[in-house]
Amino acid sequence: MLSENLAMLRSLKGLSQEQAAEIAGVARQSYAKWEQGDTLPDVEKCARLAAFYGVTLDALVNQENRVGAARMAPAPLGKHLWGTVVLGSRGQIVIPKAARETFTLREGDRLVVLGDESEGIALVKAETFERKMQQLLEQGRHQADE
C-alpha cells in the first residue's frame, strides 16, 4: 500500500524520485527502495510526505482505494472515496454508511442532485444549497446597488 501510494502521489505531482527524495530529506536511492517496497520510511518522513501531498498520514500508509480494477491515489484532506454503488431499477442508490455519517445524512433529508454532463453527478444537502444560493443572490443585489 505505502509503496504504491508513494509512487502514485509522486507521479500525480509530476515529480521525479530525486525531487520526492529531496522533500523527504533522503537520498534518491532510499526513496526508490520505499517505492519498490524494499524498505519503509520512518514516521517522520511519512508525515513530511503526507503533508506535502495533502493527505493524512493514515491515508498515505494504509489507504488502498479501488474503483473497479483501477487503483486510486489516497484522497486529499477533506475529500473521500467510498467506493461504488449500484443504481437500482427505479434510480435509487444506497449511500455508504461512512458517507452518511461524515455528512450527517438522515432518513428524510432532502438532497439536491447536481449534474455536469462532462463531470458527473453530485449530491448536496438541500439546506446547504439553498443557503449558498441565497448568499449569492444577496451578493448580486449588493453589487447591483453599488
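Tutor: Helices (H or I, at least four residues) and strands (E, at least two) are DSSP runs, numbered from the N terminus. This is a predicted model, so local features need pLDDT of at least 70 and side-chain atom pairs pLDDT 80 or more, while totals for chains, interfaces and linings use all residues. Residues are numbered from 1 along each chain as its sequence is written, and side-chain values use heavy atoms, with hydrogens and water left out.

Student: Okay, pocket first: how much space lies in the largest pocket?
Tutor: A pocket is an open set of points on a 1 Å grid over the protein atoms alone, where a 1.4 Å probe fits, with protein on both sides within 12 Å along at least five of seven lines; lining residues have an atom within 4 Å of a point. The volume is the space filled by probe spheres set on the points, which are joined across faces, edges and corners. For the largest pocket here, that comes to about 770 Å³.

Student: Which element gives the largest share of that pocket's lining?
Tutor: There are 23 lining residues, and the closest to the centre are Trp82, Ile95, Ala99, Ala122 and Leu123. Strands E3 (111-116) and E4 (120-125) each supply at least two lining residues. The largest share, five residues, comes from E4.

Student: Switching to helices, at what angle do H1 and H4 pack?
Tutor: Two packed helices are described by the angle between their axes and the distance between the axes. Axes are lines fitted to C-alpha atoms over the stretch in contact (heavy atoms within 4.5 Å), and angles run from 0 to 180 degrees between N-to-C directions. H1 (residues 2-13) and H4 (residues 43-53) have axes 11 Å apart, at an angle of about 40 degrees.

Student: Which residues of H4 make that contact?
Tutor: From H1 come Leu2, Leu6, Leu9, Arg10 and Lys13. Over on H4, the partners are Cys46, Leu49, Phe52 and Tyr53.

Student: Arginine 10 turned up there; is arginine 10 buried or exposed?
Tutor: Leaving aside neighbours within four places in sequence, arginine 10 is in contact with Leu15, Ser16, Gln17, Ala20, Tyr31, Glu35 and Tyr53. The cut-offs are under 20% relative accessible area for buried, over 50% for exposed and partly exposed in between (1.4 Å probe, protein chains only). Arginine 10 has 15%, so call it buried.

Student: And how far apart in space are alanine 27 and glutamine 92?
Tutor: Alanine 27 sits in the loop between H2 (17-24) and H3 (28-36), and is partly exposed at 40% relative accessibility. In sequence, alanine 27 and glutamine 92 are 65 residues apart. C-alpha to C-alpha, their separation in space is 52 Å.
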